[in-house]
Amino acid sequence: MAYDSSNIFAKILRGELPSDRVYEDENVLAIKDIHPKAPVHILVMPKGPYTSLLDFSIRATGDEIATFFQTVSKIAELGGLQDKGFRLVSNTGLDAGQEVPHFHVHLLGGMQLGPMAGAIKQ
């Protein structure tokens with residue numbers, strides 16, 4: 001899948017749309033989710049044009065990947081999640097529920113989150 005620079009996260013990264021930014025550096029942007037599923041629900045994304053976790057893991061450099069996940073850990077600490085824990089989710093593809101074709105992870109915490117997924121529908 002080719003990167004679509006008109007997606008909502010690309011527009012947020014360019015400053016064309018507002019967001020509640022909680023962290024930003026030269027490589028990563030973290031914003032509050034507008035429809036939070038937990039008391040802490042932060043979307044963390046690389047600034048590069050990656051469509052999904054698969055795309056990121058194939059095309060990003062090893063340094064980009066390491067730095068991204070180190071930054072996710074730093075954001076978890078800034079959010080006070082290091083002691084009680086947190087969940088990190090990356091939806092990849094339509095079946096997984098990926099809504100925006102820009103790689104991002106959901107950092108969730110601040111409460112008991114319960115089971116990770118519901119029952120399998122057959």
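## Burial of the aromatic residues

A residue counts as buried when its relative accessible area is under 20%. In this predicted model, Phe68 has a relative accessible area of 2%, so Phe68 is buried. Phe56 is likewise assigned as buried, with a relative accessible area of 2%. Phe103 is buried as well, at 1% relative accessibility.

## Pairing of Phe103 with Phe68

The rings of Phe68 and Phe103 form a tilted aromatic pair, with 5.3 Å from centre to centre and 50 degrees between the planes. Phe68 belongs to helix H3 (residues 62-78), while Phe103 sits in the loop between S4 and S5; the pair therefore ties together parts that are 35 residues apart in sequence.

The model contains five aromatic pairs. One of them joins Phe56 and Phe103 in a stacked arrangement, at 4.8 Å centre to centre and with 25 degrees between the planes. Because Phe56 lies in helix H2 (residues 53-59) and Phe103 in the loop between strand S4 (86-89) and strand S5 (105-109), this pair links parts that are 47 residues apart in sequence.

## The aromatic cluster

Phe56, Phe68 and Phe103 are among the members of one aromatic cluster, which also includes Tyr50 and Phe69. Within this cluster, Phe103 pairs with Phe56 in a stacked geometry and with Phe68 in a tilted geometry.

Conventions. Residues are numbered from 1 along each chain as its sequence is written. This is a predicted model: local features need pLDDT of at least 70, side-chain atom pairs count only at pLDDT 80 or more; totals for chains, interfaces and linings use all residues. Side-chain values use heavy atoms; hydrogens and water are left out. Rings of Phe, Tyr and Trp (its six-membered ring) pair if their centres lie within 6.5 Å; planes under 30 degrees apart count as stacked, over 60 as edge-to-face and the rest as tilted. Helices (H or I, at least four residues) and strands (E, at least two) are DSSP runs, numbered from the N terminus. Buried means under 20% relative accessible area, exposed over 50%, partly exposed in between (1.4 Å probe, protein chains only).
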